[in-house]
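Take a moment to look over the structure shown here. The paragraphs below lead you through it step by step.

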Amino acid sequence: MTRAALLCAAGLAAAIVYPLLVPNYLVNIGMLVFFTAFIGQSWNIAGGFAGQTSFGHVVFFGTGAYTSTILQVTYGWNPWLAWPVATAMGGVVGWMIAVLSFRAGLRGSYFALITLAFAEVFRILANSVPFTKGGLGMLIKADQRPINFQFKDPIWIYYLALLLCLVSVAIAWHLTRSRFGARLVAIRENEDAARALGIDVFAEKVKVLPLSGAMCAAGGTFYAQKYLYIDPSIAFGVDKSVEMLLVSMVGGAGTIFGPLIGSFTLMGINEATRWLASVVPALKNVQPLSLIVYGIMLVLIVARLPNGLMGLFRRGPARA
Amino acid sequence: MLEVRDISKAFGGLKAVDHASLDVRQGEIVGLIGPNGAGKTTLFATIAGFHRPDAGTVAFDGKEITGLAPHRICAAGMVRTFQITQPFAGISVRENIMVGAYFRIADRHLAAREAEAVAATVGMADQLDRRGADLTVAGRKRLELARALATGPRLLLLDEVMAGLNPTEIVEIVGVIKDIRASGVTILLIEHVMQAVTSLAERVYVLNQGRMIAEGTPAAIAEDPQVVEAYLGPGAARILRA
């Protein structure tokens, strides 16, 4: 326990010092690692801890991104004020999807498919309704001042991503130590047994999805403010859903640090393959080299390490 | 304490339980026996809220609980175990039992302490850190019992906690069940192991093809010609007597 705490403290110190020592390009990569870990953790809370595997988590991400962007661009809100509203909207959408799907008794792959369908419906809606400006997407006017949630120096957006990541880790840590978290794990492991032991399975599931959705929506706003542009396929495309799921699975679903480790690993592969393609001429035309490596890695992890990379570190038989 | 009246439950065309009634009084150990497929587990699941009965009522402590959700019935003080054990496979025995303990204890440390105490009563104190998936059959049966007990029930429904155990393990778990009753918990159990039923239960109900065919002390039940025929076939009672 103390060794783990020391390791965490050292990691945090390194994360804080890191952007001061490296060029902007690497600061940006660090930011992406923590941001992806954050939205991955939002998936992990519902998918990893509670076992409610979603294939359409991007629905929350897009809800957050669009809510804050519309409030800002159309209604002139300050993005910092729009952020909590966007987060709450993610919670509302999570609640809605939870009530609809869990009331109907959808579990496992059926739940996964219905979330995928919700994400697609939202994408198509965003493409066609007027207030999202349809397929044109929405542009946030560049005005790089902290009051506008835009930063000239990438170090600040890096620290903000780090902070989000820390908050999400703290939430996951709390889950491993609370009654609510224990009930989620019980539901994941065996729903019937959970019911027999007095757990109101429906009520717990209807709590966890809004929590997860709100976190993911907060990530959506962050993303919109960083890139200043969203369109339906960025905000509701399946890529982001897969990314969230992948970092959690690779790192270790249902573990506190799984998404962070997964995010590190995938970003590492990304950069390594990009570098490889630039030095090895034969690989230049193998376009998504990183995807091939991801694929191989995922197969290996599913086959050999069902608990993800975290499984390598775990001592003792019990899950954390 | 528990009054089950005229419960019927059909799946498609199959009448699994057909107008079955039973009573359990405070402090008793009551057995529910019957040949395979008699509908015992279905009756249990219906009492505990896992199935909604087609007809009939279940009352607990004088209050009707027919068709309530399992967590509401658990809150009323009645909890079931599963014949086919359902451990939380990926987490430790301690965490398994804590899920039950969390039902009435919100604090993590207190829930853990309670889980350890319950584990000791069912003889699992040395297995607290093993994963649910790594337990033997006997271990899983004990875990079912421990988790249910940790919710603090007043009435425990045990579904074949002895099936698949060897004679030594059966003697041990019979002792555990006696201790549980001595601590003030009333017990209704489904069991095939007759030696255990005889040594535990004051009264026994016999279910056959969904109908309750007999009720009485274990000794009286063993003599009942209807019961003998239900197990051994028509005419068996006459042959045995001859």
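This is a predicted model: local features need pLDDT of at least 70, side-chain atom pairs count only at pLDDT 80 or more; totals for chains, interfaces and linings use all residues.

In soluble globular proteins, nonpolar side chains tend to be buried together.

Now pick out Leu156(B). Leaving aside residues up to four places away in sequence, Leu156(B) touches Val79(B), Ala148(B), Leu149(B), Ile180(B), Val185(B) and Ile187(B).

Turn next to helix α5 of chain B, residues 137-150. The helix is mostly covered, with 13 of its 14 residues buried. Its length can be checked. At 1.5 Å a residue, the 14 residues of α5(B) should span 20 Å. The C-alpha atoms at its ends are 20 Å apart, so the two values agree. Just after this helix comes Gly152(B), which takes a positive phi of about 75°.

Finally, look at where the chains meet. Here 21 residues of chain A are in contact with 28 residues of chain B. On the chain A side, two elements give two or more residues: α7 (179-189) and α8 (191-196). Of the elements there, α7(A) gives the most, with 6 residues. What is the make-up of this side by class? The side of chain A that touches chain B has 9 nonpolar, 4 polar and 8 charged residues.

How values were computed: Residues are numbered from 1 along each chain as its sequence is written. Chains are lettered from A and ligands numbered from 1 in the order in which they are written. Two residues are in contact if their C-beta atoms, placed from the backbone, lie within 7 Å. Helices (H or I, at least four residues) and strands (E, at least two) are DSSP runs, numbered from the N terminus. Ala, Val, Leu, Ile, Met, Phe, Trp, Tyr, Cys and Pro count as nonpolar, Asp, Glu, Lys and Arg as charged, and the others, Gly among them, as polar. The expected span of a helix is 1.5 Å times one less than its number of residues. A residue is buried if 20 or more other C-beta atoms lie within 10 Å of its own, exposed if 12 or fewer, and partly exposed in between; C-beta atoms are placed from the backbone.
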